[in-house]
Amino acid sequence: MHLESVDTPVAQKPAWTALRWDDYALLLIVLALTSLGIVVLLSSTYVLDSADAFAMLKKQAVWLVVASLAGLIAWRIDVHELRDLVWWLAVPAILLCALVFIPPFGREINGANRWLILGPFRFQVAEAVKVALVFILAHYLAENKRKLNEKIRGVIFPGLIIGVAFGMILLQPDYGTAFLCALVGGCMLYLAGGALKYWVPLGILGLAGFATLIYHNPERLSRVTSFLSLNSEVVRGDEGYQLWQGILGFASGGMSGVGLGDGRQQITYLPEAHTDFIFSIVGEELGLIFTLLIVILFLALFFLVALRIRRATSLYECLLVQGSLLFIVFQALINMGVVTGVLPTKGMSLPFISYGGSNLILMFFFIGLIINVSSRWSAVPKRERVRSE
């Protein structure tokens, strides 16, 4: 069953539509994940700054306020009025990606130019690219639904949209986020009805090219080889050190954990424990019970939104929700896969939980967008929903 390629919904959402029970359930999931992240952040960072034990917590609180405002904005915007300006979203995304190479707006940190410097705060510009990608691709695919089997409209043009987003992030360089954008873009294209006869071979070719880039980048290649050689004592003390210490954190936590504040990994052993590897801190201090709880909450978020998508009234709205959901869920899967040793090491935040403002703002924006769009579907009587078998 597919949605018709209409450009406007059957009915517009009434102003300030009341939230449904599943809206509250979705917000409760986000609140639970964010609250757990705040608790674990304090536990893992209060020993890092002897002058102010709450320094990182204060910064995260500021980012949480900004993220909440971003979520409210996403909840109230009119996504159909925005369609007239959707192509212009590429302009700020490209400008932000350029600014990170121009001091004092950006500077190289750990060999990468990914952050826009805003006084004491840093913003990762790739998050703006993700938003632009979701809106532009959703608009284009909805406009060209019946032409997605054509080589030009269905392959070259959407391929260029995804390729530009991929390339802008790859230049920073950020291989993991670039791959995530290509993955989400490819899934949106498939869900919109893209022709697999074109995209399967192109996807294989793209993966081969991506692997070639990694092969010719010593730093990235060493991460892959250390992942494949995790049992080597040499690797444990070199490129695979962070991953090995993260796994030790899970092992020492057991079923119920060693207790908040009593973990050892965040003190000196595990670098960046409060950001990319905060899932390991949860495993060490709170144990298997809370790590499984996080997995269950993300699964609940996925299925809750997936069930709402069945009420979609237009392809454009449907793709906006799907793209937002995929960015949240795929990022969570990649982070947990990296920390548990299932995937090669890649710096990527755990949504709603890891320390850092730019990704938190993006996640709240996507949640606000999901509630905004899907609540329109609840306001449309079932008999008026536009569907085609």
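The legends below describe close-up views of one predicted model. Residues are numbered from 1 along each chain as its sequence is written, and side-chain values use heavy atoms, with hydrogens and water left out. Because the model is predicted, local features need pLDDT of at least 70 and side-chain atom pairs count only at pLDDT 80 or more, while totals for chains, interfaces and linings use all residues.

**View 1. Arg 308 forms salt bridges with Asp 22 and Asp 23.** A salt bridge here is a side-chain nitrogen of Lys or Arg within 4 Å of a carboxyl oxygen of Asp or Glu. A search of the whole structure finds five of them. Between Arg 308 and Asp 22, the closest N and O atoms are 3.4 Å apart. This pair links distant parts of the chain, with Arg 308 in helix α12 and Asp 22 in helix α1 (residues 21-45), 286 residues apart. Helices are DSSP runs of H or I with at least four residues, numbered from the N terminus. Between Asp 23 and Arg 308, the closest N and O atoms are 2.5 Å apart. Asp 23 lies in helix α1 and Arg 308 in helix α12, so this pair ties together parts that are 285 residues apart in sequence. Asp 22, Asp 23, Arg 308 and Arg 311 are linked in a network of salt bridges. Arg 308 is buried, with a relative accessible area of 1%, and Asp 22 is buried at 2%. Buried means under 20% relative accessible area, exposed over 50%, and partly exposed in between (1.4 Å probe, protein chains only).

**View 2. A salt bridge joins Lys 130 and Glu 127.** Their side chains meet at 3.1 Å, N to O. Both residues lie in helix α4 (residues 126-143), three residues apart, about one turn of the helix. Lys 130 counts as buried at 2% relative accessibility, and Glu 127 is buried with 5%.

**View 3. Helix α5 packs against helix α6.** Helix α5 spans residues 151-170 and helix α6 residues 175-191; they pack at an angle of about 160°, with their axes 8 Å apart. That makes α5 roughly antiparallel to α6, because angles over 145 degrees count as roughly antiparallel, under 35 as roughly parallel, 65 to 115 as roughly perpendicular and the rest as oblique. Axes are lines fitted to C-alpha atoms, for helices over the stretch in contact, and angles run from 0 to 180 degrees between N-to-C directions. In the loop between α5 and α6 is Pro 173. The peptide bond from Gln 172 to Pro 173 is cis, with omega near -10°.

**View 4. Seven residues make a nonpolar surface patch: Met 255, Leu 288, Ile 289, Phe 290, Leu 292, Leu 293 and Ile 296.** The patch covers about 620 Å². Patches are made of residues with over 30% relative accessible area and no salt bridge; like charges are joined within 9 Å, and nonpolar side chains (Val, Leu, Ile, Met, Phe, Trp, Tyr) within 5 Å. Accessible areas come from the Shrake-Rupley method with a 1.4 Å probe, and for residues only the protein chains shown count as cover. Ile 296 lies in helix α12 (residues 278-309) and counts as exposed at 52% relative accessibility.

**View 5. Phe 352 has a positive phi.** Its phi is near 70°, in a residue other than glycine. Phe 352 lies in the loop between α13 and α14 (357-379) and counts as buried at 3% relative accessibility.

Technical notes
Helices (H or I, at least four residues) and strands (E, at least two) are DSSP runs, numbered from the N terminus.
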